[in-house]
Amino acid sequence: MSLLVEIEKLLEEGKGAIKNAASAETLENVRVAYLGRSGKIKEMMGRIREVANEEKKAFGQGMNDLKKSLEKLFDEQKNILGSSKAKSGPQPDPTLPGQSQPRGSRHPLTQVTEHVVKVFERLGFTIADGPEMEDEFHNFVALNIPDEHPAREDQDTFGLDNGTILRSQTSTVQIRTMEKIQPPVRVIAPGRVYRPDAVDATHFYSFGQIEGLAVDTDITFADLKSVLGMFAREMFGSDTKTRFRPSFFPFTEPSAEVDVTCIFCHGKGCRVCKQQGWIEILGCGMVDPNVFKSVGYDPEAWTGFAFGMGVERVAMLTLGVDDIRRFTENDLRFLRQF
Ligand code: DAH
């Protein structure tokens, strides 16, 4: 039998094998058997030695055609198997609703903090920051609270192994800011503070504070009153009134505590304000000259006011939350309400 006839036979045989391959795996086996490195085509090529010189060209041509034909058939069959497999599997249903991603929202304490900060930004204050891990100088001494001062007891805080403490108040940022920049100063400093308080409905060992500080020439108590009055009206409603009660803080002189008319009863008296009509929201005062001295500001040249408020306290009042612990329990039923 002439080798050309054998080529023809091999083509028919290969065609049949490819057509009959019903799976990708069988088809691959067929490919290896025919087109592989020691497959039937390679083997047939080796027989060129048996071919007479004048027929070698025709034999080579025939082998080439054979190889090309089988490769083409192989590709076609592969496509057929691939697409039928896709067709037989589960089909996507474009009419099904998409998978919705639940939308998160800001924590109520973050919302309140951002609201307060925004009001002061509109009044010309910029955000300042300081570390939560502090030293005694910034948390106490520079704020006019020397070692044996009784005010330390109210603000007893956590000591860390490396000799530092967790700050008990954001007033530290007053000092940090004045150490860095010269007046005029107008900063608002939100941050976390720590105190080893026994936990109950209104106390927690860590809470947020927002500190404010303004230093310039000729700042007076009238500036303090007008700024805090504007803040209260922006934050709690335009009919909100403020009341300044004399108080004491080591770092301000004079000092005051500020009440606003109750946002729920507008001053008439209700359960939230304990029938007082007023709710205390912050402490404030004129910066004590000793504080200026501790940061190297000339107390004769500069005057200033400072204030500090508790974020949880403001949030509890404005959002009507009756237990401070709710804010840290990560209970979505609570958080989703805001
Ligand atoms: N640091 C005070 C506290 O934690 C709050 C405070 C009162 C801050 C009066 C002030 C201020 O800046 O002037 O109780």
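## The sheet

Let's start with the sheet: 7 strands line up in the order β1-β4-β5-β9-β8-β7-β6, making an open sheet with mixed pairing. Two strands count as paired if DSSP finds at least two bridges between them. Helices (H or I, at least four residues) and strands (E, at least two) are DSSP runs, numbered from the N terminus. At the edges stand β1 (126-127) and β6 (242-249), each with a single partner strand, so one side of each has no neighbour in the sheet.

A word on the model itself: it is predicted, so local features need pLDDT of at least 70 and side-chain atom pairs count only at pLDDT 80 or more, while totals for chains, interfaces and linings use all residues. Residues are numbered from 1 along each chain as its sequence is written, and side-chain values use heavy atoms, with hydrogens and water left out.

## Strand partners

Now follow β7 through the sheet. Strand β7 (residues 252-261) pairs with strand β8 (residues 278-287) in the antiparallel sense, over 8 bridges. Within that pairing, T252 has V287 in β8 as its bridge partner.

β7 also pairs with β6, again in the antiparallel sense, over 7 bridges. Here P246 stands opposite A256 of β7, and a hairpin of 2 residues joins β6 to β7.

α5 touches β1, β4 (185-194), β5 (206-216) and β9 (303-310), and its direction makes about 165° with that of β4. Contact here means heavy atoms within 4.5 Å. Axes are lines fitted to C-alpha atoms, for helices over the stretch in contact, and angles run from 0 to 180 degrees between N-to-C directions.

Helix α5 (residues 108-122) also meets helix α11 (residues 311-319): their axes come within 9 Å and cross at roughly 100°. That makes α5 roughly perpendicular to α11; angles of 65 to 115 degrees count as such, those under 35 as roughly parallel, those over 145 as roughly antiparallel and the rest as oblique. P108, L109, V112 and T113 of α5 make the contact with V311, E312, V314, A315, T318 and L319 of α11. By class, this contact has 7 nonpolar, 2 polar and 1 charged residues. In this scheme Ala, Val, Leu, Ile, Met, Phe, Trp, Tyr, Cys and Pro are nonpolar, Asp, Glu, Lys and Arg are charged, and the others, Gly among them, are polar.

## Helices α1 and α2

Now for another helix pair. The axes of helix α1 (residues 3-20) and helix α2 (residues 24-35) come within 9 Å and cross at roughly 165°. That makes α1 roughly antiparallel to α2.

On the α1 side, L10, E13, G14, A17 and I18 meet L27, V30 and Y34 of α2. This contact has 6 nonpolar, 1 polar and 1 charged residues by class.

## Domains

An automatic or database domain assignment supplies the domain bounds. The protein chain is divided into domain 1 (3-82) and domain 2 (108-335). The C-alpha centres of domain 1 and domain 2 lie 87 Å apart.

## Backbone details

Some backbone features are worth a look. The peptide bond from P183 to P184 is cis, with omega near 0°, and P184 lies in the loop between α8 (172-180) and β4. Another cis peptide bond joins E253 to P254, with omega about -5°; P254 is in strand β7. D218 is not a glycine, yet has a positive phi of about 60°. You will find D218 in the loop between β5 and α9 (221-236).
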